[in-house]
Amino acid sequence: MELIQGVMVFLALSYYMVGPCNCSAVCSPATYELRLSKAGAFHFPVFHREHPCLDPSPVHPSSVSDAGTVIGTDKIHQGKYFMAINLGTPAVFNLVTIDTGSTLSWVSCERCQIKCHKQANEAGPKFNPHSSTTYRQIGCSNEDCIDIHQDNGIPYGCIDATDTCLYSVRYGSQYSVGKLGRDRLALGDITVVDDFLFGCSKDDIFYGFEAGVIGFGNKSYSFFNQMARQTSYNAFAYCFPSDHQAEGFLIIGPYPQRLELVTPLIRGYGLRSYVYSLLLLDMTVDGKRLEVDPSIDTRQIMIVDSGTDDTFVSSPTFYALAEAVTSAMRDKGYYREYGSEKVCFRPAGGEPVNWRGLPAMEMQFLRATVKLPSENVFHQQSVDRICLAFQPDTSGVRDVRILGNKALRSFRVVYDLQKMTFGLQARAC
Ligand SMILES: *[C@@H]1O[C@H](CO)[C@@H](O)[C@H](O)[C@H]1NC(C)=O
């Protein structure tokens, strides 16, 4: 998710729910096991929010109506992927979103102080710090407390009487507020961090039914950086499957070296020093470059954000892309449906969409041209309606370009922070 600092507000968001499980052995606790590779990497499974273990149910989200700033109906956070963590002693199982666009991790805690999102049974129970013998609260003069306050712009987030450090993180119209603490973090049965620093959330607006968020951004206190201290190589990799039923993976540490494409990884994005970015040079549709006014520079830096579904490109690129896709689709017998904010198409004869006959799209990053499979370019809205999974940057967080997770599904995606490269390998999960 794209973390918002200070008072910037707006984002189009949606909420999806996980509910009662109608599943079989795939969903047993063994599903969530961590493996250690021979090379010393942590290797664990990843699930789409629509995985059969997390089947959507008609639970009604109580907190959603409070979200006054939600605009439109576009579902920019619908493509979330989860991992399982075990927190505290005795360990509490929680499913959390993998988010490279934010830093501080948090889980929903007992007891809720103001209002808290509804958590699905499958996401595990709410963590109760008083029930964990290894939980420790962070004091106000603690270095981590000061760091987190500096990064998130709340200098007085402290309860002096009890020496309790408070935190607050904001993602568009969503937020989480609570106390900072440390506890034992395990993946499967293996304790990976003895004193994992995280937020114990007591008040939130959050459009999900998972327990919280695990941050991979580059700060000393992010999940990734706390984990990376235990590995021999500073990198992480993941594969988010296109098929919701399939299992993906996440690797922290040394990763399989075979990569088809490698582009430089760029540190930060404007004032957001903790994110990972890439340089997009251009895009093509059916091999043709986009027709953009030559006086406009279409090169753009994009944040790679595992917590956002769609890809947000600059407006000139987006409108040229929509134009090129519309014309290529027209040649293939589709008509563009105007009226929705998204760019959507239907076959003119009313037949089902032929996924093998859609236009070919490429994203040209510096030194790496990525051919996107059609499932990564379009959302299937119904059998005979598809919509482009690209949006102009004006419809997301203003002027922030984001490479969302949909575009890179089924690729092994490697963030090599030691070599400062970003690698891709197609059909990896
Ligand atoms: C991560 O942050 C550290 C400290 O600010 C910095 O030295 C390092 O270059 C950053 N790495 C990346 C990949 O952003």
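Tutor: Two strands count as paired if DSSP finds at least two bridges between them. In this predicted model, strand S20 and strand S21 (residues 344-347) run antiparallel and are joined by four bridges.

Student: Which residue stands opposite Tyr 335 in S21?

Tutor: Arg 346 does.

Student: How should I read a sheet as a whole, and in what order do the four strands of the open sheet come?

Tutor: In general, the strands of a sheet pair through backbone hydrogen bonds, either parallel or antiparallel. Here the order is S20-S21-S25-S24, and the pairing is antiparallel. S20 (334-337) and S24 (378-382) are the edge strands, each with pairing on one side only. On average, and ignoring direction, neighbouring strands of this sheet are turned by 30 degrees against each other.

Student: Which strands does helix H3 touch where it packs on the sheet?

Tutor: Helix H3 (residues 315-331) touches S20, S21 and S25 (385-388). The direction of H3 makes about 145 degrees with that of S20.

Student: Next, the hairpin. How many residues lie between S28 and S29?

Tutor: Four residues lie between the strands, and one feature of this hairpin is Met 420, with a positive phi near 55 degrees. Strand S28 (residues 412-416) pairs with S29 in the antiparallel sense over five bridges. Within that pairing, Asp 416 has Thr 421 of S29 as its bridge partner.

Student: With which strand does S29 pair over four bridges?

Tutor: With strand S14 (residues 261-264); S29 itself covers residues 421-425, and the sense is antiparallel. In this pairing Leu 261 faces Leu 424 of S29.

Student: How do I read the overall fold numbers?

Tutor: Start with the secondary structure, which comes to four helices and 29 strands. Of the 429 residues, 47% count as buried. For contacts between residues at least 6 apart in sequence, 71% join residues at least 24 apart.

Student: Which residues have the most contacts inside the largest nonpolar core?

Tutor: Met 83, Phe 236 and Leu 321, in a core of 110 residues. Strand S16 (residues 272-285) gives the largest share of this core, seven residues.

Student: Why does this core lie between domain 1 and domain 2?

Tutor: Because domain 1 (25-252) and domain 2 (261-425) both give residues to this core.

Student: What does Phe 236 touch, not counting residues up to four places away in sequence?

Tutor: Phe 236 touches Phe 216, Phe 224, Leu 250, Ile 251, Ile 252 and Tyr 415.

Student: Which residues does UniProt list for "active site"?

Tutor: The UniProt entry, which is unreviewed, lists Asp 99 and Asp 305. They are spread over 207 residues of sequence but cluster in space, with a largest C-alpha distance of 6.8 Å.

Student: Where is Asp 99 placed, and is Asp 99 buried or exposed?

Tutor: A residue is buried if 20 or more other C-beta atoms lie within 10 Å of its own. Asp 99 has 26 other C-beta atoms within 10 Å, so Asp 99 is buried. Its place is in strand S4 (residues 92-99). Apart from neighbours within four places in sequence, Asp 99 is in contact with Met 1, Val 213, Ile 214, Gly 215, Phe 216, Ser 306 and Gly 307.

Student: Where is Asp 305 found, and why is Asp 305 buried?

Tutor: Asp 305 is found in the loop between strand S18 (300-304) and strand S19 (311-313). Asp 305 is buried because 29 other C-beta atoms lie within 10 Å.

Technical notes. Residues are numbered from 1 along each chain as its sequence is written. This is a predicted model: local features need pLDDT of at least 70, side-chain atom pairs count only at pLDDT 80 or more; totals for chains, interfaces and linings use all residues. Helices (H or I, at least four residues) and strands (E, at least two) are DSSP runs, numbered from the N terminus. Axes are lines fitted to C-alpha atoms, for helices over the stretch in contact, and angles run from 0 to 180 degrees between N-to-C directions. Two residues are in contact if their C-beta atoms, placed from the backbone, lie within 7 Å. A nonpolar core is a set of buried Ala, Val, Leu, Ile, Met, Phe, Trp, Tyr and Cys residues joined through C-beta atoms within 7 Å. A residue is buried if 20 or more other C-beta atoms lie within 10 Å of its own, exposed if 12 or fewer, and partly exposed in between; C-beta atoms are placed from the backbone. Domain bounds come from an automatic or database domain assignment. UniProt positions are given in the numbering used here, feature names are shortened, and annotations may be inferred rather than shown by experiment.
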